[in-house]
Structures are given as structure tokens and as C-alpha cells.
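Subject: Structure for you to look through

Dear colleague,

I am handing over a structure that I have been reading through, and I would be glad if you opened it beside this message. My notes on what was found in it follow below.

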Amino acid sequence: MTLTPAAGGGCGESAPPPPIQSPRPVNSDVEWDSFDPQAYVRHNYAVLRADDREILCRTRDFLAEAKLSGAHCVDVGSGANLYPALSLLPFARTIDLCDWSTSNVSWLRTQIDSYDELWDPYWQVCAEHPAYSALTDPRGRLARVGRVLRASVFDAPKHAWDAGTMFFVACSISADRAEAERAIGRFLGALRPGSPFAVAVMLGSRGYSVGQRLFPAVALRRAEVVASIAAGAYDLAVHEVRLTPPLRDGYLSMLLTTGRTRGQCRA
Ligand SMILES: C[S@@+](CC[C@H](N)C(=O)[O-])C[C@H]1O[C@@H](n2cnc3c(N)ncnc32)[C@H](O)[C@@H]1O
């Protein structure tokens with residue numbers, strides 16, 4: 001996914017996004033219900049980009065190696081992106097897709113019933129791996145195992161799931177570095193000890209537009225993301241993916257980290 005830079009960004013609309021009042025908004029300052037999932041999907045996922053393909057391939061290969069089956073899975077901050085949930089699909093008894101925005105929750109509910117064709121290329125990437133190609137009806141499977149919850153990462157229960165994904169959330173839910181770290185801690189703590197997980201973040205993000213709205217972000221650095229994850233996990237594999245084509249302002253790269261959760265997590 002690409003997040004449109006706050007400066008000079010937008011989806012071609014002429015009016016500038018309304019300003020956020022606080023210079024460094026925290027999560028609770030933001031009007032998440034005004035997040036426009038259609039605009040977000042159009043801008044970020046209408047065409048499968050090389051960087052998302054790489055993130056998806058690496059997540060797929062990691063989960064296929066993790067020897068999971070019949071797992072209770074979670075995708076935190078799903079927003080308007082189904083590919084993390086698709087990556088969990090063959091191994092899942094249930095997948096909880098959680099988001100705090102009511103507009104994204106409504107979008108997710110319509111999508112898990114029968115997802116749009118736009119997501120078929122993402123599943124085709126998954127199905128290049130035999131662990132996924134054995135599943136012939138991903139649309140039907142997601143409708144059976146998927147469940148959409150309006151829930152905040154900051155209220156996530158402890159040790160509730162067996163595997164999880166959290167993509168472009170820690171970097172993109174506020175401008176507060178401490179909240180990014182707390183979101184990672186809560187996500188890892190929500191998984192049972194030893195659970196496989198994948199976390200993707202944008203590095204160096206300074207905010208993003210969705211349609212007419214501006215949303216905050218925090219310009220995370222690779223070392224601090226890895227340190228936050230390492231506090232609650234082991235067997236980490238870290239991959240930095242450069243944006244293609246590179247974006248002008250505000251973004252450096254995407255960082256995907258996979259691993260397994262420890263028994264005790266900071267939160
Ligand atoms: C940049 S979007 C990422 C969406 C999606 N995971 C993706 O990969 O494109 C950030 C998401 O975090 C959600 N969000 C914001 N605050 C949250 C919170 N406290 N708990 C869970 N999700 C939250 C937003 O509604 C939005 O869907």
C-alpha cells in the first residue's frame with residue numbers, strides 16, 4: 001500500500017484536506033469514522049503494486065512455514081485492506097478483522113460476505129504457494145471464517161489469538177511515537193505465546209490523505225520498530241521494501257517484520 005503524503009498529496013481532488021487541530025494528534029483526537037474506505041482502496045489497492053506483492057509473498061511464505069492449522073487468527077486495524085486476512089485464510093478456523101473506524105467496519109462487513117474482484121490478484125499471489133492453492137474457494141472461506149469487530153488495538157485482550165497480522169497501523173493511527181510502540185505491544189500481547197505474526201509499517205511517514213481528509217502518522221525509524229517488536233517476540237525476520245515508484249515526500253520505505261510472540265509482552 002502507499003499512503004499519499006500529506007504535503008502535495010491527495011487523490012486528484014482540488015480542495016485541500018481540512019487541517020487537524022492538534023499539531024501532533026493522538027489516536028483519540030482523530031475522527032476515524034470519517035475515513036473513506038472506497039477512496040482508500042481506490043488509491044492504495046486498485047492495482048496490485050510490486051511493494052505490496054513483496055510484502056504479501058513474504059507473509060504468505062512465513063505463514064505457510066509456521067505449521068498452523070485450525071487457528072484463531074486476528075488482523076488488527078484491517079481498515080480497507082483484505083490481503084492480510086487472505087494471507088491467514090488457509091490456516092484459520094476463525095479470522096477476526098478488527099478496526100476502530102465505523103466506516104471501515106461497515107466496508108469490511110460487506111467485503112467478507114463476498115469480496116470484490118479487485119482482491120482476486122492478491123489471492124492469486126497467495127495461490128502461487130501450494131499451501132494456498134489447495135483452497136479453491138477463498139471467497140466462500142472468508143465468508144465462513146471471517147468476523148468483523150469494532151475494536152481498538154489499545155483494548156485488545158491478552159493472549160486471545162493463535163496468529164495475527166497488523167499492517168500499516170502502528171505508524172498510521174496517530175502522530176505520537178509512544179502510541180505506535182503501545183500499539184505494537186498490545187498487538188503482540190493479544191497473541192498467545194509462540195504465535196506467528198506479521199507486522200508491516202511505513203518508515204518515515206508524516207501523514208496521509210484519504211480522499212479529502214488528512215490523517216496523522218508518526219515518522220518511525222527501522223531500529224525503533226524492531227526494538228518495539230523484539231520486546232515481545234523472537235525469531236524475527238525483518239525486510240525493508242522500497243516504494244515503487246518512490247514517493248516524493250514523507251516516506252522512506254515499508255518494513256515487514258515476522259516472528260513469534262514471547263510469553264510476556266509490554267503493553
Ligand atoms: C493506514 S490504515 C491501515 C489499514 C490497513 N491495515 C492497510 O493495510 O491498509 C490505519 C487503520 O487503523 C485504524 N485505526 C485507527 N485507530 C485504531 C485503533 N485505536 N484501533 C484499531 N484500529 C485503528 C483506522 O481506522 C485504519 O483503518
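A residue is called buried when its relative accessible area is under 20%, exposed when that area is over 50%, and partly exposed in between, with a 1.4 Å probe and protein chains only. By that rule, buried residues make up 54% of the 267 residues in the protein chain.

Please keep in mind that this is a predicted model, in which local features need pLDDT of at least 70 and side-chain atom pairs count only at pLDDT 80 or more, while totals for chains, interfaces and linings use all residues. Residues are numbered from 1 along each chain as its sequence is written, and side-chain values use heavy atoms, with hydrogens and water left out.

The secondary structure of the chain comes to 9 helices and 10 strands, where helices (H or I, at least four residues) and strands (E, at least two) are DSSP runs numbered from the N terminus. Of the contacts with a separation of 6 or more, 79% are between residues 24 or more positions apart, contact meaning heavy atoms within 4.5 Å.

The sheet comes next. Its 7 strands form an open sheet in the order β4-β3-β2-β5-β6-β10-β9, with mixed pairing; two strands pair if DSSP finds at least two bridges between them. The edge strands, β4 (146–150) and β9 (233–242), each pair on one side only, and the twist averages 15° from one strand to the next.

Strand β3 is mostly covered, since 6 of its 8 residues are buried.

Which residues touch the most other members of the largest nonpolar core? They are Ile-95, Trp-119 and Val-201, in a core of 85 residues, a nonpolar core being a set of buried Ala, Val, Leu, Ile, Met, Phe, Trp, Tyr and Cys residues joined through side-chain atoms within 4.5 Å. The largest share of this core, 7 residues, comes from β6. Leaving aside neighbours within four places in sequence, Trp-119 is in contact with several residues, among them Val-41, Tyr-45, Leu-86 and Trp-107.

In helix α9, the buried residues are Glu-224, Val-225, Ser-228 and Ile-229; seen down the axis of α9, they fall within an arc of 135° (taken from the directions from the helix axis to the C-beta atoms), so they line one face of the helix. These buried residues pack against α8 (177–189), β6, β9 and β10.

In helix α2 (residues 50–65) you will find Thr-59, which is buried, with a relative accessible area of 1%. Leaving aside its neighbours within four places in sequence, Thr-59 is in contact with Ser-87, Phe-167, Ala-198 and Leu-256.

With best wishes

Technical notes:
Axes are lines fitted to C-alpha atoms, for helices over the stretch in contact, and angles run from 0 to 180 degrees between N-to-C directions.
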